[in-house]
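This report covers one protein chain. The sections below take up its fold, its helix packing and the confidence of the model.

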Amino acid sequence: MAAPRKSATQVAAREKARAKAQELTARHEKLIDLAAEFFEQQEQAEQVRADARTKAEAILARAEEEAAAATAGAAGTVAAMVAAGEPKASVAARLGITGAELKKLLDQAPAAAGPAAAEESDAASEVQEETAAEAA
């Protein structure tokens, strides 16, 4: 049997090299696609976190507003108790708060329209509506 020609051996080697290069290139392209997918998913995860932070901040801001309104109402109630003639020490004891906390609430009371003030303004509005209805 005759030995293959040198050119045939070279052609076979080149074909083998081309096949290996194509295999490496295909693998490299697949890795590039997977890396791109990874970065897209990372960006999506960060966007989800950012959206959640924004929603959480809005919820906390709303909660702080509602808590401030409740504290203002409590300050108005404390002021109404003191205005009813009850000694401050007795009011503090009844509510289970310290004198300093009572003073702090009383300091907030003029800025806060308490439930008593709201009831008085509601009663005044009803009287005005009744007077207007009778006049008409």
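In what order do the elements of the protein chain run from the N terminus on? They run α-α-α-α. The model is a predicted one.

## Overall composition

The secondary structure of the protein chain consists of four helices and zero strands. The chain has 136 residues, of which 9% count as buried.

Among contacts in the protein chain with a separation of 6 or more, 55% join residues 24 or more positions apart.

## Confidence

The protein chain has a mean pLDDT of 84, with 77% of its residues at 70 or more. Residues 112-118 have a pLDDT below 50, and in the model this stretch makes seven contacts beyond near neighbours in sequence.

## Packing of α1 with α2

Helix α1 spans residues 6-83 and helix α2 spans residues 88-95. Their axes lie 9 Å apart, and the two helices pack at an angle of about 135°. The crossing in which α1 passes α2 is right-handed.

On the α1 side, the contact is made by V78, M81 and V82. On the α2 side, K88, V91, R94 and L95 take part. By class, the contact of α1 with α2 comprises five nonpolar residues and two charged residues, with no polar ones.

## Packing of α1 with α3

Helix α3 covers residues 99-108 and also packs with α1, at an angle of about 100° and with the axes 8 Å apart. Angles of 65 to 115 degrees count as roughly perpendicular, so α1 and α3 are roughly perpendicular to each other.

From α1, the residues in the contact are T71, A75, V78, A79 and V82. From α3, they are L102, L105, L106 and Q108. The contact of α1 with α3 divides into seven nonpolar and two polar residues, and no charged residue is part of it. V78 and V82 of α1 take part in the contact with α2 and also in the contact with α3.

Is T77 buried, partly exposed or exposed? T77, found in helix α1, has a relative accessibility of 35% and therefore counts as partly exposed. T77 is 28 residues from L105 in sequence, while their C-alpha atoms are 9.3 Å apart in space. L105 is one of the α3 residues in the contact with α1.

K104 lies in helix α3. Because its relative accessible area is 56%, K104 is exposed. K104 and A75 are separated by 29 residues in sequence and by 8.5 Å in space, C-alpha to C-alpha. A75 is among the α1 residues that make the contact with α3.

Conventions
Residues numbered from 1 in each chain as written. Predicted model: local features only at pLDDT ≥ 70, side-chain atom pairs only at ≥ 80, totals over all residues. Heavy atoms only, no water. Axes fitted to C-alpha atoms, helices over the stretch in contact; angles between N-to-C directions. Left-handed = near helix turned anticlockwise from the far one by under 90°. Contact = heavy atoms within 4.5 Å. Nonpolar A, V, L, I, M, F, W, Y, C, P; charged D, E, K, R; others polar. pLDDT = per-residue confidence, 0-100. Buried < 20%, exposed > 50% of the residue type's maximum accessible area, 1.4 Å probe, protein only. Parallel < 35°, antiparallel > 145°, perpendicular 65-115°, else oblique.
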